[in-house]
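Me: I've got a model open and want to go through its salt bridges and pockets. Can you help me read it?

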Amino acid sequence: MTTATTTFPGLTAGTWAIDPVHSNVGFTVRHLVVSKVRGSFENFSGAITVAEDGTASVNAEIDVKSINTKNADRDAHIRSADFFDAEQFPVATFTSTDVRADGDDYIVTGDFTLHGVTRPVDLKLEFNGVNPGMGQGPVAGFEATTVINRKDFGISIEMPLEGGGAVVGDKITITLEIEAGLQA
C-alpha cells in the first residue's frame with residue numbers, strides 16, 4: 001500500500017475507527033432517465049490509520065446485503081445475480097493506495113472491489129476537523145464522494161425503456177459521511 005504524507009489538522013497518529021452509528025454510506029443512481037433512486041448500506045466498517053509521520057491510509061468494508069433503498073422488492077433484486085450477486089460477493093472493499101492534498105480538500109485514491117471486480121477509484125474528500133468528543137475520546141469527521149460506472153464492475157444488466165434510455169443508469173454516485181473515533 002502506497003500512501004503519501006498528509007496532514008489532517010488535529011488528526012493525531014493512531015487508528016480512527018469508523019462509527020457506523022454516526023456515519024452513512026449512500027449512493028444515487030439515475031432511474032427511468034428522469035429521476036434518481038437513493039439508497040444506503042446499513043452495515044459497514046473501516047478505519048483511517050495515521051502513522052507518526054502523518055502518513056494516512058484507509059480501509060473499509062461494506063456488507064452489500066445490507067442495502068436499503070426503502071423498497072424491499074427493489075432491494076431483493078439488487079442483491080440478486082442481476083446486480084450485486086450478494087450470495088457470491090457479499091462484501092465490497094476499499095483499500096487506499098494514496099492520500100494527497102487537493103487545495104483545501106484531499107484525494108484518496110484506492111482499490112475498490114465490488115461484485116468481485118477491483119478497480120482504482122478517487123474519492124474527493126473533505127476533512128471536517130476533530131472534536132474532543134463526549135467522554136469517549138476525540139472524533140474526526142469526513143465527507144467523500146466518487147462516481148463509478150456499474151458496468152466497470154461487471155454489473156451489466158440492461159433494462160431498456162421503450163421510448164429510449166434505461167430503467168437504471170450506469171453512473172453511480174457514492175457519498176460517504178464518516179465520523180471516526182480514535183482508538184485507545
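Me: First up, is Arg150 buried or exposed?
Reply: Keep in mind that this is a predicted model. Arg150 counts as buried, with a relative accessibility of 5%.

Me: And which residue does Arg150 form a salt bridge with?
Reply: Its partner is Asp170, and the closest N and O atoms are 3.2 Å apart. Arg150 sits in the loop between strand E10 (139-149) and E11, while Asp170 is in strand E11, so the pair ties together parts that are 20 residues apart in sequence.

Me: What does Asp170 count as, in terms of accessibility?
Reply: Asp170 counts as partly exposed, at 28% relative accessibility.

Me: OK, how many salt bridges does the count come to?
Reply: Six.

Me: What about Lys124, which side chain does it meet in a salt bridge?
Reply: That would be Asp105, at 3.9 Å from N to O. Lys124 belongs to strand E9 (residues 117-131) and Asp105 to strand E8 (residues 105-114), so this bridge ties together parts that are 19 residues apart in sequence. Lys124 is partly exposed at 36% relative accessibility, and Asp105 is partly exposed too, at 23%.

Me: Which residues do shared partners join into one network?
Reply: Asp102, Asp105 and Lys124 are joined that way by their salt bridges.

Me: Where are the two ends of the Lys65 and Glu87 pair?
Reply: Lys65 is in the loop between strand E5 (56-63) and strand E6 (67-68), and Glu87 is in the loop between helix H1 (72-79) and strand E7 (91-102). They are 22 residues apart, and their closest N and O atoms are 3.5 Å apart. Glu87 counts as exposed at 67% relative accessibility, whereas Lys65 is partly exposed at 33%.

Me: Switching to pockets. What volume does the largest pocket have?
Reply: About 840 Å³. Its lining has 47 residues, and Gly26, Phe27, Phe41, Ile172 and Ile174 lie nearest the centre.

Me: How do the residues of that lining divide?
Reply: Into 37 nonpolar, six polar and four charged.

Me: And the second largest pocket, what's its volume?
Reply: About 270 Å³. It is lined by 16 residues, with Asp19, Gln136, Gly137, Val139 and Glu179 closest to its centre. By class, that lining has seven nonpolar, seven polar and two charged residues.

Methods: Residues numbered from 1 in each chain as written. Predicted model: local features only at pLDDT ≥ 70, side-chain atom pairs only at ≥ 80, totals over all residues. Heavy atoms only, no water. 1 Å grid on protein atoms, 1.4 Å probe; cavity = no way out; pocket = protein on both sides within 12 Å on 5 of 7 lines; lining within 4 Å. Points joined across faces, edges and corners; volume = space filled by probe spheres on them. Nonpolar A, V, L, I, M, F, W, Y, C, P; charged D, E, K, R; others polar. Salt bridge = Lys/Arg side-chain N within 4 Å of Asp/Glu carboxyl O. Helix = DSSP H or I, 4+ residues; strand = E, 2+ residues; numbered from the N terminus. Buried < 20%, exposed > 50% of the residue type's maximum accessible area, 1.4 Å probe, protein only.
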